[in-house]
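Let's take a quick tour of some ring contacts and the strands around them. Keep the sequence and the 3D view open as you read.

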Amino acid sequence: KEQAQAALMALPELQAWSAQIEKASDGTVRGALIEDDPAPRAINGKNYWQFSFVENRSDAVRRLESFLVAQSGGEILVEDFDSDTTFTLEQWRRDKRPLERIVAQ
């Protein structure tokens with residue numbers, strides 16, 4: 001799990017979001033990973049750890065994106081709750097353009 005978390009936090013998108021959140025809030029809000037479920041989730045015969053990247057405010061936590069990290073091989077999927085599907089990291093980057101998002105108001 002620790003390797004999965006480290007892989008996610010190394011993503012340029014999560015690093016950029018974290019920096020943006022902290023800057024926009026003058027350091028009062030942080031970006032963080034939370035584990036959605038300690039039990040692995042099986043998809044197409046592979047087990048994945050489940051995490052969400054959140055905006056961690058003092059009064060609430062706001063989920064920005066949910067990720068699945070394969071227990072072996074390190075594959076990262078992104079969950080789309082609106083369509084109830086998963087995207088590969090490449091599809092997510094191409095279709096959702098996460099680096100263009102403004103996450104902190």
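**Rings and strands at a glance**

Phenylalanine 67 and tryptophan 92 are both buried, where buried means under 20% relative accessible area, exposed means over 50%, and partly exposed is in between (1.4 Å probe, protein chains only). This is a predicted model, in which local features need pLDDT of at least 70 and side-chain atom pairs count only at pLDDT 80 or more, while totals for chains, interfaces and linings use all residues. Residues are numbered from 1 along each chain as its sequence is written, and side-chain values use heavy atoms, with hydrogens and water left out.

**Aromatic pairs**

- There are three aromatic pairs in the structure. Rings of Phe, Tyr and Trp (its six-membered ring) pair if their centres lie within 6.5 Å; planes under 30 degrees apart count as stacked, over 60 as edge-to-face and the rest as tilted.
- Tryptophan 17 and tryptophan 92 make an edge-to-face pair, with 6.0 Å centre to centre and 85° between the planes.
- That pair connects distant parts of the chain, 75 residues apart: tryptophan 17 sits in helix H2 (residues 12–24) and tryptophan 92 in helix H3 (residues 89–96). Helices (H or I, at least four residues) and strands (E, at least two) are DSSP runs, numbered from the N terminus.
- Tryptophan 17 has a relative accessible area of 1%, so it counts as buried. Tryptophan 92 is buried too, at 1% relative accessibility.
- Phenylalanine 67 and tryptophan 92 also pair edge-to-face, at 5.5 Å centre to centre with 85° between the planes.
- Here again, distant parts of the chain are linked: phenylalanine 67 belongs to strand E3 (residues 61–70) and tryptophan 92 to helix H3, 25 residues apart.
- Put together, ring pairs join Trp17, Phe53, Phe67 and Trp92 into a cluster.

- Strand E2 (residues 46–56) is largely enclosed by the rest of the structure, because eight of its eleven residues are buried.
- On one side of the pairing story, strand E1 (residues 30–43) and E2 run antiparallel over ten bridges. Two strands pair if DSSP finds at least two bridges between them.
- Glycine 31 stands opposite glutamate 55 in E2.
- The hairpin of E1 and E2 has two residues between the strands, and asparagine 44 takes a positive phi near 50° there.
- E2 also pairs with E3 in the antiparallel sense, over nine bridges.
- Phenylalanine 51 has phenylalanine 67 in E3 as its bridge partner.
- The hairpin that E2 and E3 form has four residues between them.
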